[in-house]
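Please look over the structure shown below. The report that follows walks through its links and its overall make-up.

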Amino acid sequence: SATTAHSTRQRVLVGVIAMLIAATAVLLATGRFGGSAEAVKLPAVAQQMRVFAEPPVADAELPSVVRAAQANHNRRGPGVVIPGQIRRLADGLGVSRVGVYALPTTGGHVCVVVSEGTYAATCVDSLERALGNVQWLNYSGEGMPQTIAGIASDSVNDVKVVVNGEAQTATLSRNSFFWQGAPAVTRDDIDALLVRQSDGEVVQVNLAR
């Protein structure tokens, strides 16, 4: 009858609407609604750094030397820098007022880049307690004093650089640390890092050559 047909159409329509709602919920949950990309999967080491919970730096705001570091890593690997996921950890440091940046890669690394006139960089795929939960780099150059910089996990509370037996405090900011020596300091004068963890333990990282 007409009444039965109308009732059947209503049930079918309600069923279709229910399926559409369910499908939309799945698409929203997986980040695929409207063709948008799925949630970015960052390297495991990035989970040790709370700075990756913050918004990334816009590509237009990246210094040219950081973009050069990104392009160089993309050519050499492993993996490539994940687009749109670079974080600025610190800015205005040292005699050159440099910034420190973290670049996560599809190869499972986070690379730390210091934006000097050129750049200094190193990459790491894990931050380990035995090594102080830090990754460091040591550089100098014309007009640049001896410099120690790097990234640190959330568990790091303090970083000191031991220079000729004297412990000097590094700047610790947003999962990065940075220190520059006096003009007379050379690489051979730098002995170690003293890295204090959140539970109070101090891990000594040998830097002597």
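## Cross-links and layout

The count of disulfides, meaning pairs of cysteine sulfur atoms within 2.5 Å, comes to one. The model is predicted, so local features need pLDDT of at least 70 and side-chain atom pairs count only at pLDDT 80 or more, while totals for chains, interfaces and linings use all residues. Residues are numbered from 1 along each chain as its sequence is written, and side-chain values use heavy atoms, with hydrogens and water left out.

**The disulfide.** A disulfide is a covalent bond between the sulfur atoms of two cysteines. Here the partners are Cys 111 and Cys 123, with sulfur atoms 1.9 Å apart. Their link is right-handed, with 100° about the S-S bond. Cys 111 sits in strand β3 (residues 110-114) and Cys 123 in strand β4, so the pair ties together parts 12 residues apart in sequence. Helices (H or I, at least four residues) and strands (E, at least two) are DSSP runs, numbered from the N terminus. Is Cys 111 buried or exposed? Cys 111 counts as buried because its relative accessibility is 3%. Cys 123 is partly exposed, at 31%. The cut-offs for relative accessible area are under 20% for buried and over 50% for exposed, with partly exposed in between (1.4 Å probe, protein chains only).

**Salt bridges.** How many salt bridges does the structure hold? There are five. Each is a side-chain nitrogen of Lys or Arg within 4 Å of a carboxyl oxygen of Asp or Glu. The table lists some of them.

| Pair | N to O distance |
|---|---|
| Arg 50 and Asp 154 | 3.9 Å |
| Arg 174 and Glu 54 | 2.1 Å |
| Arg 129 and Asp 199 | 2.6 Å |

Take Arg 50 and Asp 154, joined by a salt bridge. This pair links distant parts of the chain, 104 residues apart: Arg 50 is in the loop between α1 (2-30) and α2, and Asp 154 is in the loop between β6 (144-152) and β7 (156-163). Arg 50 counts as exposed at 55% relative accessibility. Asp 154 is partly exposed at 26%.

Next come Arg 174 and Glu 54, which meet in a salt bridge through their side chains. Arg 174 lies in the loop between β9 (171-173) and β10 (176-180), and Glu 54 in the loop between α1 and α2, so the pair ties together parts 120 residues apart in sequence. Arg 174 is partly exposed at 38% relative accessibility. Glu 54 is partly exposed at 31%.

Arg 129 and Asp 199 also meet in a salt bridge. Arg 129 is in the loop between β4 (120-124) and β5 (134-141), and Asp 199 in the loop between β11 (190-197) and β12 (202-206), so parts 70 residues apart in sequence are tied together. Salt bridges with shared partners join Arg 129, Asp 199 and Glu 201 into one network. Arg 129 is partly exposed, at 35%. Asp 199 counts as exposed, at 52%.

**A helix residue.** Asn 72 is found in helix α2 (residues 64-76). Asn 72 counts as buried because its relative accessibility is 18%.

**The whole chain.** The protein chain has two helices and 12 strands. Of its 209 residues, 40% count as buried. Contact means heavy atoms within 4.5 Å. Among contacts with a separation of 6 or more, 53% come from residues 24 or more positions apart.
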